[in-house]
Each structure stands twice: as C-alpha cells, then as structure tokens.
Amino acid sequence: MAEIVIVPGEAEAGDLVADAIVDLIHRKPDAVLGLATGSTPLPIYRALAQRIRDESVDVRGVRGFALDEYVGLPAGHPESYRAVIRREVVEPLGLTPELVRVPNGDPAGIEHAGADYEAAIVAAGGVDLQILGIGRTGHIGFNEPGSSLASLTRVKTLTEATRLDNARFFDSPDDVPMHCITQGIGTILRARHLVLLAFGEAKADAIAAAVEGAVSAAQPGSAIQLHPHVTVLVDEAAASKFENLAYYRHAWANKPAWQGI
Ligand code: PGA
C-alpha cells in the first residue's frame, strides 16, 4: 500500500519531500529527480531551494527529467514546460541546466521524441524520486483516462477538462495546445520512489480513486497501487473522500522513526 500522509498544509508537504530529496542527494550526489509542473509541486521546490541555500547542499551533479511538455508551443514560450522547469526548478535550486531534460515538444521530429526521451532516462540509470501531481480527471503526467498502464513516453491528446484547467496560464483557453508529449504510466512506474501530492477539495475524488479505487486505465493515478514505494501527501481537504482515513492517520502516527518516507 502507498503510504498516505495527511499534512496540515502544503508547506508541511513541501518540507517532508524536501527532506527526502536532500537525503537522497547526500546519498547520491548525481541523483535523478522526476520533475512535475503545475501548482502542486511548488511547495516542494520552495522548501528545497531554501534547504539547498541554508545548508549549502551541492546539487551540481543532480539530474532531472520533466514529466511532460506541450506540443507545438513556439520555442521560448513562457508556458512551455521547458521554460517553466527552468524558472521554477532549475534556477531557484541552482541545478545544472544541461543535466535537466524536458520532452521535446517541437512538431518537427515529434514521432521520435518519445523514444529518445525513454532512451535518455534509461541511460541516466532511471529516475530515483518522481514528483507527481494529479489532475481532476485522474491523470498523472498528461496520461489522461484510458492511457495504457504500460505506456511509455508518447504524444497524447489533452482532454478538454485539462485544457480548461490549464487555461489559467494562457491568454485564452484556445491557446492551450491540443497535444502533449508525456512520460507514460509505464515510465512513471519505473521510477524508484513515487511521491504524489494533492491539495484542496477539487482533488479529493481523484486522489481517493487513485489510492482506494480499482486499478484501472480509467483512473491513471490508480497505477500507483502497482508500485512498491509510493508516498501520497494530501491536505485535509484532499483527504476528505478517503474511506480508510483513520487508518492512514494511525499508521503515520505510529511510523517507525528509522523509516523516512
Ligand atoms: P496542478 O495540476 O498541480 O496545477 O493542480 C496537477 C496535474 O494536472 O497533474
């Protein structure tokens, strides 16, 4: 079972994950991080940037792979995930830009971009810790409902619900690209530790289905049940639809001190 941690707020979740990442970097200075975009992971990046500064953590060897990218945004578009990862992760954390990759969403050569990305992840030795958010549709990465649980990085068509959710980052909903390139569910499951975060009431159904529902391509987040090491961090609002809430609290309160997340 995934470990479910109910936190008072986003900042506490950010601190817990930042601790785990700093420990990982101390053990493995060229650790490979799986990086998510969107609002959800921002508390992690904030907490991590602070820890790196305060403790002079050497992150020059840390490598990263983003989960996904839009297809067809002009090079340098501020909402391309290449730009977002640079602005929200690489620069504040002080990572080495050449060591952080984002799937290539350029339509020229897009048919090879998924296989190239998979090869790069394999060549890096795989992802050590994968940060994940979950969409209201239940997507992880941009794997919308129906995505094969064995899928690898490839081009997908976004649902209209996801395009509307992401319209807040664009001038108009019509500007949100129709297609994306995303790590597959199979790709995500190869990472050694999955850390899935969800905050707010709007995510309660999706996270309950992911943790407690049937494993199904109809709920891409439910694929986490197939992975041996998953940490789910939620605030009270996102936890409100869990059936086994009391047990999750009990297990966390009685967690052996040596375990870490
Ligand atoms: P959000 O998106 O973090 O902006 O809510 C999560 C997701 O769509 O995966």
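Thr 231 is buried, with a relative accessible area of 0%; buried denotes under 20% relative accessible area, exposed over 50%, and partly exposed the range in between, with a 1.4 Å probe and protein chains only. The structure is a predicted model, in which local features need pLDDT of at least 70 and side-chain atom pairs count only at pLDDT 80 or more, whereas totals for chains, interfaces and linings use all residues. Residues are numbered from 1 along each chain as its sequence is written, and side-chain values use heavy atoms, with hydrogens and water left out.

Thr 231 belongs to strand β10, residues 230-235. Helices (H or I, at least four residues) and strands (E, at least two) are DSSP runs, numbered from the N terminus. Residues touching Thr 231, apart from those up to four places away in sequence, are Glu 3, Val 5, His 193, Leu 194, Val 195, Leu 196 and Ile 261; contact here means heavy atoms within 4.5 Å. With His 193, Thr 231 also forms a side-chain to side-chain polar contact of 2.8 Å. A polar contact is a pair of N or O atoms within 3.5 Å; within protein, one must be able to donate a hydrogen and the other to accept it, and residues adjacent in sequence count only if both atoms are side-chain atoms.

His 193 lies in strand β9, residues 193-198, and is likewise buried, at a relative accessible area of 6%. Its side chain makes a further polar contact, of 3.3 Å, with the side chain of His 229. Among the residues that His 193 touches beyond four places in sequence are Asp 128, Leu 129, Gln 130 and His 227. The C-alpha atoms of His 193 and Leu 33 are 9.9 Å apart in space, although the two residues are 160 residues apart in sequence.

Asp 128 occupies the loop between α4 (110-123) and β6 (129-132). The side chains of Asp 128 and Arg 192 are joined by a polar contact of 2.9 Å. Beyond four places in sequence, Asp 128 is in contact with Leu 24, Lys 28, Ala 31, Val 32, Arg 192 and His 193.

The largest nonpolar core contains 81 residues, of which Ile 21, Ile 207, Val 232, Val 234 and Phe 242 touch the most other members. Such a core is a set of buried Ala, Val, Leu, Ile, Met, Phe, Trp, Tyr and Cys residues joined through side-chain atoms within 4.5 Å. Helix α1 (residues 10-27) supplies the largest share of this core, eight residues. Phe 242 has contacts beyond four places in sequence that include Ile 4, Ile 207, Val 234 and Tyr 248.

Oxygen atoms of the ligand lie 2.6 Å from a side-chain N or O atom of His 139, 3.0 Å from one of Arg 168 and 2.7 Å from one of Lys 203. The protein covers 82% of the 280 Å² of accessible area that the ligand has on its own, by the Shrake-Rupley method with a 1.4 Å probe.

Ser 56, by contrast, is exposed, at 62% relative accessibility. Ser 56 is found in the loop between α2 (42-54) and β3 (63-66), and its phi is positive, near 45°. Most residues other than glycine have a negative phi.
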